[in-house]
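Reader: I'm new to this one and would like to know what stands behind the labels. Can we go through them together?

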Amino acid sequence: AEVQRRLWGLCISEIKLGMNGLELWPIESELISRIEQIESGKLRYTITEQGKPSRTLMQDQLLTLKGFSTHRIIPESLLRRCRASVGVWLAQEQFRGSYFARGASPSIIFSHPGTMSEPAQKRFKTNVQSRVGGSRNAHKILVIEEGMKVTEYGHNARNAQLVEAWDSQAAEIARWLQIHPYMLGVDVSLPYASREAAAREWINLHAGPAVHSIEAEIKRDLIV
């Protein structure tokens, strides 16, 4: 429930009367197609599930846990707000995967003093790729002939700053989640005293108010 509240801005559960008292049936936030305020001031939620007719639930029928939002009614998804940061992280992961799949080495250019036909170029490319391409063929020896020259282009692992880029993006995600970066494995060398102070700060400024808000919403919707 807390994950859904923080990421989607809203977590709702339908209140039903069961054999042992009240039961809460969670409803995924993406199933909420419409939220509107009726004349009485109460909110009405329209739930749309694939293959099923839409149904409406009133505010009194739901336990509503709201997250951050700039609108008094419509929730604001954290994933939408930080989609640019998530997109950069996904692009970095794709680059890292492609980079290490090539053996974590820069690309190379072979310069031939003469002219190679197109079939000869394809055969040479296939031969080189099968001998030294990929992580399984890393550090193998390749012998070239006919006066060819080899030139590297691109960046090696150090110049590409893969570790620094990952740490920076992890810190950005931690900022959106309002947690300290060391909780995501960044800056693990932080002293214990600093970690304890950061944990207390997180409890006082973020976790504490969130728990009090959830407690108030439970009292409002479940305890009469």
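Reader: What makes β1 and β6 a pair of strands?

Author: This is a predicted model, and in it five bridges join β1, residues 10-18, to β6. Two strands pair if there are at least two bridges between them, so with five bridges β1 and β6 count as a pair. They run antiparallel. One of the links has E14 with L62 in β6 as its bridge partner.

Reader: Why are β2 and β6 called edge strands?

Author: The open sheet has three strands in the order β2-β1-β6, with antiparallel pairing. β2 (21-27) and β6 (62-66) each pair on one side only. On average, neighbouring strands here are turned by 25° against each other, direction ignored.

Reader: What lies across that sheet?

Author: Helix α7, residues 192-222, lies across β1, β2 and β6. Helix α7 runs at about 160° to β6.

Reader: How do you know that the charge of K16 sits over the ring of W25?

Author: The charged end of K16 is 4.5 Å from the centre of the W25 ring. The cut-off for that distance is 6 Å, so K16 meets it, and K16 is counted as sitting over the ring.

Reader: How many aromatic pairs are there?

Author: Zero, by a rule that asks for ring centres within 6.5 Å.

Reader: And how much of the protein chain is called buried?

Author: Buried residues make up 23% of the 224 residues; the label means under 20% relative accessible area.

Methods. Residues numbered from 1 in each chain as written. Predicted model: local features only at pLDDT ≥ 70, side-chain atom pairs only at ≥ 80, totals over all residues. Heavy atoms only, no water. Buried < 20%, exposed > 50% of the residue type's maximum accessible area, 1.4 Å probe, protein only. Phe/Tyr/Trp six-rings, centres within 6.5 Å; stacked < 30°, edge-to-face > 60°. Lys NZ or Arg CZ within 6 Å of the ring centre and 35° of its normal. Helix = DSSP H or I, 4+ residues; strand = E, 2+ residues; numbered from the N terminus. Axes fitted to C-alpha atoms, helices over the stretch in contact; angles between N-to-C directions. Contact = heavy atoms within 4.5 Å.
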